[in-house]
Amino acid sequence: MDPHLDGTVALITGASSGIGEATAVALAEAGAAVALVARRRDRLDELAERIAASGGSAVAIEADIADRDQAEAAVQRAVSELGRVDIVVNNAGLMRIGPVADADPVDWDQMLSVNVQGLLYVTRAALPHLIQAAADAPRHVADVVNISSTGGRVARPGTAVYSLTKFGIGAFSEAVRQEVLGQRVRVGLVEPGTVQTEITAHLPPEDRAALDRRNAGMVKLEPSDIADAVVFMVTRDRRVAVNEILVRAAEQTW
Ligand SMILES: NC(=O)c1ccc[n+]([C@@H]2O[C@H](COP(=O)([O-])OP(=O)(O)OC[C@H]3O[C@@H](n4cnc5c(N)ncnc54)[C@H](OP(=O)(O)O)[C@@H]3O)[C@@H](O)[C@H]2O)c1
């Protein structure tokens, strides 16, 4: 086990699959106790057992972060069960696609409520704990890592509202970075390209087919590729703030 994060606690939203799951495993391997937040309890329990079996420490916290009370309670539970929070990875998110003129506004509401509001609720609830952790931890630093997307840098037809949420996360991250840097809390943005996860599993078959056509022949990233970027960001010396990492699939054009 890499000891870089020994004695720290990391909270990861969307830890029940994909990038969040891989990030929780990687942070636990680096020595952090991990608070696993998502709605699918069975997935979280299974992951917590897997981490414990590898010598790590994990607690499963079932919560819908789009609900402010649940988001705040999830942070409080992480603190009460694990004693502190040094790292928050705001990863939970979803994508719906299609032209704006044909869209079902329910899809917009879902993206805004999880990708944006959920991230805001978790961040606000966690910041006092992160500031406290930065003040009393041996590392003397704490971290917020927000998972954006290439869609947070480049807007394209069909993903207007998804991009809106991810561009918004970029703006929010930069403002909060400036607000808390004096309290030794770093804020970073990780922007994945196309990653092989369940993110398209909830799309209608015709939308999945459209994405498959767009991605045809391209080797996708693995969730662990993004977890590597998160671990790199949070294991730098306290004098170093790696505020942004873009990780594209090597053959990705956008
Ligand atoms: N895959 C890609 O190509 C890609 C590219 C760029 C950026 N991203 C971003 O990476 C992040 C993770 O996506 P992924 O690709 O790993 O997809 P994924 O496998 O579908 O994971 C999404 C995670 O978000 C959680 N989640 C969704 N709604 C939630 C809610 N209301 N409350 C709590 N948790 C919720 C899900 O858990 P439950 O369903 O159990 O709640 C799941 O753990 C997202 O922010 C996504 O936008 C992905």
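The following paragraphs describe the overall fold of a predicted protein model and then the surroundings of its ligand.

Because the model is predicted, local features are reported only at pLDDT of at least 70 and side-chain atom pairs only at pLDDT 80 or more, while totals for chains, interfaces and linings use all residues. Residues are numbered from 1 along each chain as its sequence is written, and side-chain values use heavy atoms, with hydrogens and water left out.

The protein contains seven helices and seven strands, where helices (H or I, at least four residues) and strands (E, at least two) are DSSP runs numbered from the N terminus. Along the sequence, these elements follow the pattern β-α-β-α-β-α-β-α-β-α-β-α-α-β. The C-alpha trace spans about 50 × 40 × 35 Å along its principal axes.

Attention now turns to the ligand. Its shell consists of 28 residues, of which S16, R39, N91, Y162 and T197 are the closest; a residue counts if one of its heavy atoms lies within 4 Å. Helices α1 (18–29) and α5 (160–180) each contribute at least two residues to this shell.

Several polar contacts (pairs of N or O atoms within 3.5 Å) involve oxygen atoms of the ligand. A polar backbone atom of G14 lies 3.0 Å from a ligand oxygen, and for a backbone N or O atom of N91 the distance to a ligand oxygen is 2.8 Å. The side chain of K166 places an N or O atom 2.9 Å from an oxygen atom of the ligand. The ligand has 880 Å² of accessible area on its own (Shrake-Rupley method, 1.4 Å probe), and the protein covers 95% of this area.

Methods: Polar contact = N/O pair within 3.5 Å; in protein donor to acceptor, adjacent residues only side chain to side chain.
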